[in-house]
Amino acid sequence: MSDRIFAAVWLVVCLLLMVVGWGIQSEFSYEPVGPRAYPMLLLGLMLACSLAMALRPGEKADWPEKPVLIRIVLMILALLVYALLFEPLGFALATALMSVAIGRLFEGKWLHCVVGGAGLGFGLFYFFDRLLDVPLPAGLIFG
Amino acid sequence: MTTFRRLALLGTTSALLLTAASAFAEPPRPECIAPAKPGGGFDLTCKLAQSALMDTKLLENPMRVTYMPGGIGAVAYNTIVAQRPADENAIVAFSGGSLLNLAQGKFGKYNVNDVRWLAAVGADYGMISVRADSPYKTLKDLAAALKADPTKVVFGAGGTVGSQDWMKTALIAKQAGVAPQQMRYVAFEGGGEVTTALLGGHIQAASGDISEAVPMLEAGKIRILAVLADKRLPGDLGKVPTAKEQGYDVVWPIIRGFYVGPKVSNEQYAFWEQAFKKAMATPEFAKLRDSRDLFPFSMTGSSLDAYVKRQVREYQKVAAEFGLVNQAN
Amino acid sequence: METFAQLGAGFAVALRVDNLIVALLGSFIGTVVGMLPGLGPINGVAILLPLAFALKLPPETALILLAAVYMGCEYGGRISSILLNVPGDAGAIMTALDGNPMAKNGQAGVALSISAWASFVGSTVAILGLILFAPLLANWSLAFGPAEYFALMVFAFACLAGMVGDKPLKTVLAALIGLFMAVVGVDANSGVYRFTFDSIHLSDGIQFISVVIGFFSVSEILLMLENTHRGGKLVKQTGRLIFNLKEFMSTLGTVMRSSIMGFFIGVLPGAGATVASAMAYMTTKRMHDKEGTFGKGDIRGVAAPEAANNASACGSFVPMLTLGIPGSGTTAVMVGALSLYNITPGPMLFTQQPEIVWGLIAALLLANIMLLVMNIPLVGVFSRMLSLPNFLLVPGIAAVSTVGVYAVHATSFDLVLMVVLGVFGYMLRKMHFPMSSLILGFVLGEMLEQNLRRALSISNGELSILFNSPITGGLWLMAIAMVTVPPLLRRRRRKQALAAQAAQV
């Protein structure tokens with residue numbers, strides 16, 4: 001079933017991209033192939049593959065059970081928030097927060113997660129930014 | 001401790017005191033943004049500023065190099081103008097290539113007036129080369145062959161159509177009386193691939209920057225037909241004739257320098273400008289610049305600002321002539 | 001003779017104190033990274049690459065570090081395969097099949113030591129192959145123009161198609177997705193922006209580091225969350241610490257054959273350690289599984305994939321150093337590492353910067369010895385690290401991966417992109433799309449398209465340039481053979497099996 005859904009979605013994506021791709025044009029064309037032909041060819045092939053997959057789906061994917069799925073969605077959210085807060089909050093604080101959230105998802109005890117998260121955030125900041133000179137956003141605490 | 005060393009120490013201390021006096025505005029976390037992946041020309045430019053400003057003790061806080069790749073500087077330009085306009089810590093490297101893209105409207109909605117141009121620290125020059133055993137001995141030979149049959153001379157270079165490398169060949173072709181549309185031009189990824197293709201005989205002529213070509217020239221594998229500079233270059237490269245003296249008026253310098261955000265205060269801007277001015281006056285700087293294969297081109301503050309704006313207008317004119325101006329602009 | 005002189009010069013580089021320390025450090029980090037489930041050589045190299053650069057290591061030293069990490073990962077992957085039944089990296093999937101049963105039978109020490117030995121032989125054979133073949137190929141490579149490179153790319157994809165046989169449709173679709181992702185960004189020929197949706201962040205294309213870390217690190221930790229309940233039990237290291245003579249003799253032939261096989265698979269662009277170890281395991285099983293011992297703890301089933309995955313890792317340096325074409329996803333990241341230093345791998349490298357090439361080769365030999373020492377007597381040190389709890393390990397992986405992306409692209413956009421690609425990668429992996437063909441498509445995509453267009457620019461649209469030279473002709477023939485021969489062989493084998501069954505009945 002998921003194969004069919006994926007194939008259908010991908011079919012639509014390919015069609016949309018083909019519409020976008022049709023507009024690609026170089027202002028100054030003298031090269032025999034040009035910038036449009038190759039991506040259109042790829043999209044066409046993907047379209048054909050999606051069609052074939054919709055008609056003849058492969059083996060079933062085993063998606064996780066609902067409670068696990070919820071935790072996976074939570075983890076994706078945690079990572080997204082981490083990516084967005086990385087610069088404004090600074091590395092140390094953002095990492096500590098992310099570590100607590102993900103640690104809890106992996107069934108760590110509150111105390112362990114908080115201590116571990118703080119350790120990771122500040123430890124890695126010190127290690128990378130100060131020791132190895134890899135610039136990281138300092139954010140609220142070090143800035 | 002010898003007297004000499006004591007004197008030297010005294011000198012450094014007083015220099016430190018002096019800079020401390022003028023450094024009323026030294027930024028706490030100085031940062032040089034190289035708007036490319038590490039290792040390219042922008043990185044080199046940043047490393048030059050880093051060593052120049054830190055070796056001469058003009059900066060007390062360590063200056064870091066960060067990378068912000070994307071569109072020959074477009075990502076960095078937009079980030080600085082939109083998100084960090086008043087960040088006095090950050091100077092951003094630019095090159096002639098950034099200016100050309102800026103001129104063609106490839107930097108998004110911002111234009112040349114949206115940042116404060118700070119300092120140019122050196123320049124490179126364009127060149128046209130062929131394989132050492134090529135029948136083309138001078139730029140005239142190449143131009144004649146091109147005119148006779150444009151399909152026989154395939155040019156290769158490290159940039160896209162509309163890039164600096166392309167412009168150089170297009171300008172030469174135009175002066176040889178061949179329309180750029182007729183020219184066969186192959187875009188490679190970076191100078192290394194071009195050299196390989198030239199040596200393998202897959203292309204007949206290459207356009208690039210002269211600093212990159214020096215090792216191959218010294219190894220005797222290629223011949224440089226012309227350097228696209230106003231006059232011959234200093235040192236060993238003085239043997240290479242300019243395009244101008246062969247009768248083709250094509251000059252193509254690639255300057256390298258820095259800008260800061262549009263809302264950086266005048267004091268901060270002055271601090272940076274003074275720092276670069278002082279650094280570039282030292283003999284150490286000349287050494288550092290030479291070691292990075294750049295030719296002298298020092299300019300700061302308002303004179304640079306005027307130069308950059310003139311250059312961008314110039315590029316716009318050339319691009320319009322070749323029909324390359326972005327329609328959206 | 002010249003080769004020996006150059007190798008000597010290489011040792012002069014590799015034996016410098018800083019390079020020795022870096023090789024040791026890289027071997028250690030590599031073993032740890034390879035051992036940790038979820039982190040493989042691509043992650044290790046991708047994460048260390050910006051760090052090596054930030055530490056201002058000279059190019060040969062940085063390359064030695066990354067190569068030692070790469071080789072160390074191929075060693076380390078087996079530890080968790082054997083003790084935990086969770087492959088430490090993709091190249092060690094096959095090792096778990098017989099390694100974990102051996103450990104459960106109380107032979108963990110034997111499994112660990114024989115696999116370390118097999119890894120050592122695999123690497124050594126492949127490095128010797130590298131010394132022998134790389135200079136030969138480098139002499140040739142000036143003849144490679146755009147048309148020849150295009151044919152080589154086609155050959156690389158043909159290798160993939162011929163080897164991943166069971167899900168042809170998904171393999172092709174995954175490769176196409178990878179190829180298409182490589183199209184996004186400024187077109188290297190015309191300078192036109194394609195599929196960037198006016199975002200300047202996409203103007204240089206979808207960033208390689210974000211793709212690699214998203215697909216191989218973020219998607220992996222999502223899978224780890226899913227598997228927390230089912231997670232394997234750590235088998236305590238038990239039994240004899242080292243294999244005996246009988247075991248050594250019984251695996252010798254397998255190890256040698258798998259090493260040579262692994263080397264040649266590694267040399268093929270695109271087919272990496274995963275394919276090599278799978279093929280070595282299958283071949284060994286077919287040749288020796290008379291009593292049905294494979295899958296239940298046969299020592300040859302541990303030795304074969306380990307010899308092959310190390311050999312293929314070293315073999316993938318051959319096309320990288322000579323042609324500038326990565327032989328695997330990890331060497332693709334290393335090509336990126338070299339370009340950080342403005343070094344273009346390829347024919348010029350051997351003549352212009354021999355100290356880098358030969359220094360690397362000599363360092364590989366030294367690191368290999370260090371790894372053998374680390375991985376037999378000291379294996380207990382590493383296996384203890386496996387008991388690091390997930391609630392610390394996973395945030396650590398997430399944070400270090402993010403640092404890796406941020407150090408090369410200091411924008412939040414690439415961080416978000418990394419997460420989005422991670423989710424996409426997770427879904428694809430759940431639906432059994434082979435990620436290796438996707439990443440290969442992404443890495444080779446731009447070269448495939450641009451070389452095709454360059455070739456046609458040179459000939460002004462004349463298609464004959466694509467197959468007229470002897471090299472292009474040969475490559476096309478090999479590509480056709482790659483696609484057609486394996487299915488034919490499979491069919492013949494099936495017929496033979498049927499015939500044998502019929503004869504038994």
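This is a predicted model: local features need pLDDT of at least 70, side-chain atom pairs count only at pLDDT 80 or more; totals for chains, interfaces and linings use all residues.
Local features are only called at pLDDT of at least 70, side-chain atom pairs need pLDDT 80 or more, and totals for chains, interfaces and linings use all residues. Residues count from 1 along each chain as its sequence is written, with chains lettered from A and ligands numbered from 1 in the order in which they are written.

**View 1. Where chain C meets chain A.** Chain C puts 52 residues into this contact and chain A puts in 57 (a contact means C-beta atoms, placed from the backbone, within 7 Å). The largest share, 12 residues, belongs to α17(C). Sorted by class, the chain C side holds 33 nonpolar, 11 polar and eight charged residues (nonpolar: Ala, Val, Leu, Ile, Met, Phe, Trp, Tyr, Cys, Pro; charged: Asp, Glu, Lys, Arg; polar: the others, Gly among them).

**View 2. The two domains assigned in chain C.** Domain 1 covers 1-140 + 246-408, and domain 2 covers 145-206 + 434-505 (bounds come from an automatic or database domain assignment). Taken over C-alpha atoms, their centres sit 25 Å apart.

**View 3. Strand β1 of chain B and its partners.** β1(B) (31-34) runs parallel to β2(B) (64-67) over four bridges (pairing takes at least two DSSP bridges). Here Glu31(B) faces Arg64(B) of β2(B). β1(B) also pairs in parallel with β3(B) (90-95), over three bridges, and there Ile33(B) has Val92(B) as its bridge partner.

Note on methods: Two residues are in contact if their C-beta atoms, placed from the backbone, lie within 7 Å. Helices (H or I, at least four residues) and strands (E, at least two) are DSSP runs, numbered from the N terminus.
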